[in-house]
Amino acid sequence: MRRRTALIALTICALIAGCGSRLTDEQRAALVVPQGGSAGTQDGAVTGEDGAVSEGTAEQPGAANPQQPDKKPNPPGSIAGGCQGTGGATDKGVTAGEITIANISDISGPVPGIFQSAQQATKAFVEYFNATQGSVCGRKLKLVSFDSRTDSGGDQQATSQACEQAFALVGSMSAFDQGGGPAAAGCGIPDLRASTVTAQRQRTPVSFGVASNVVNLVSSAGPDLVKSSFPGGIGAAAYLYLNADASAQNARSMQKAAEARGIKFVYSQAIDITDVNYAPYVAKLKETGTKIVYWIGSAQYAVRLQQAMRQQGYTPEAFITDPSAYDPQYIKQGGAAVDGTVVYTNGALFEESNAQVALYKQWLGRVAPGAAPSYFGMFAWAAARLFVTTAAKVGPQLTRKAMIEAVRGVHDFTAEGMVAPQDVGGKRTSACMTLVRLKGGTWSRLAPASGYSCGTLIDTGVGG
């Protein structure tokens, strides 16, 4: 099980640079694959962030009241710590009283609103922070939002605009995020993304995924959890994946890691995104006696595969996929055919009690009534939180260069227990994860019994 270490987010997209112009809308949408999937602290635990100001324990669900914002620059126990005073206009997007941040996410395109939850979560955090936390060294947050249009060119154009209007990029999620990499590096803008989804953006020196996944590093926690949860199936596993660059790389890497931990694969198969007939693949699963099916690709194609499995009366011991399926839309689209799906994740579970998740849900409801929380939204909220704590650490003399240097020192970020420990600055996959299973239309924890399971990172050599 490879979730770029066991996860997330993340997960996260499988897209070949420049391929958008050669694919249909449906094909482009199919390439979006979160690379999320790990976890590392106990649910709801409050831990200090390496390289960031201590966040305190003052934030509890229901504590925020935007009708009565705290007037003090930095209230006791606030996210921004005790930073006082302001250095004035220290860099682009920074004034004596305001820091402008930008979010660039796919809102329009083949799947309208595919990463809208990341933009909504960033907005929710900004509203929450300004209303309840005061300021970052005397400065409020201002958010400007851009639509990257599920397109490499759209991401490039939006990044170029953000370079001129904002101090930093925060919480962004774009399927073709390689497009904006050169522009971000060229202007030196700090780029704290919910997740980086292409190798090109991962290598961009100013860009950091808060879901800190990389292709070649896979946590042993994933395959070990599968072995303990489905011991009768580990001798006959299969890996199916969309035949696209990132999906193929992740599938090969995760399969190699699983093999290194003792899982035997009897069948591996790439499926073209234009293929609409999944019956031959299901027939092969039956022929090989496959008991555990892994899938890497967008959730809509996971639904198609499982519908074909049901039509042929084939039910494996486990169907395992990435966090893109951990979403109400997956259940709505797949119905009974997807019941039993197992997902690996490196974030807190929405079905369990977690103070940061509760805050995220509360403020999401204020800025986008009726919107559902998501894996991508969780990491966008976490990215905004990391931005604030890191900016406070830099202090009143806030500059892009100083911010990037400070982020490079963040190696154990959890957003106060909201996500598994992420090596944001080191750009190394999280070593931890949780398995959840869909049963009767409801997600619940499968393993471990609580918190996360953490392992060692296996360097598979794929995409490194």
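This is a predicted model: local features need pLDDT of at least 70, side-chain atom pairs count only at pLDDT 80 or more; totals for chains, interfaces and linings use all residues.
The link between cysteine 432 and cysteine 454 is right-handed, with 105° about the S-S bond. Their sulfur atoms sit 1.9 Å apart and form a disulfide, a term used here for a pair of cysteine sulfur atoms within 2.5 Å. Residues are numbered from 1 along each chain as its sequence is written, and side-chain values use heavy atoms, with hydrogens and water left out.

So where do cysteine 432 and cysteine 454 lie? Cysteine 432 is in strand β12 (residues 432-439) and cysteine 454 is in strand β14 (residues 453-454), so to speak two distant parts of the chain, 22 residues apart. Helices (H or I, at least four residues) and strands (E, at least two) are DSSP runs, numbered from the N terminus. Cysteine 432 counts as buried at 6% relative accessibility, whereas cysteine 454, at 42%, counts as partly exposed. Here buried means under 20% relative accessible area, exposed means over 50%, and partly exposed is in between (1.4 Å probe, protein chains only).

How many disulfides does a search of the whole structure find? It finds three, so let's look at the others. Take cysteine 83 and cysteine 137, joined by a disulfide with an S to S distance of 1.6 Å. This link is right-handed, with 110° about the S-S bond. The pair connects distant parts of the chain, 54 residues apart: cysteine 83 is in the loop between α1 (25-30) and β1 (98-105), and cysteine 137 is in the loop between α2 (116-132) and β2 (140-147). Cysteine 83 is buried, with a relative accessible area of 10%, and cysteine 137 is buried as well, with a value of 1%.

Next come cysteine 163 and cysteine 187, which form a disulfide with their sulfur atoms 2.1 Å apart. Why is this disulfide left-handed? Because the torsion about the S-S bond of cysteine 163 and cysteine 187 is about -60°. Cysteine 163 lies in helix α3 (residues 152-165) and cysteine 187 in helix α4 (residues 181-187), so the pair ties together parts that are 24 residues apart in sequence. Cysteine 163 counts as buried at 4% relative accessibility, while cysteine 187 counts as partly exposed at 25%.

Finally, the pairing order: with the bonded cysteines of the protein numbered in sequence order, it reads 1-2, 3-4, 5-6.
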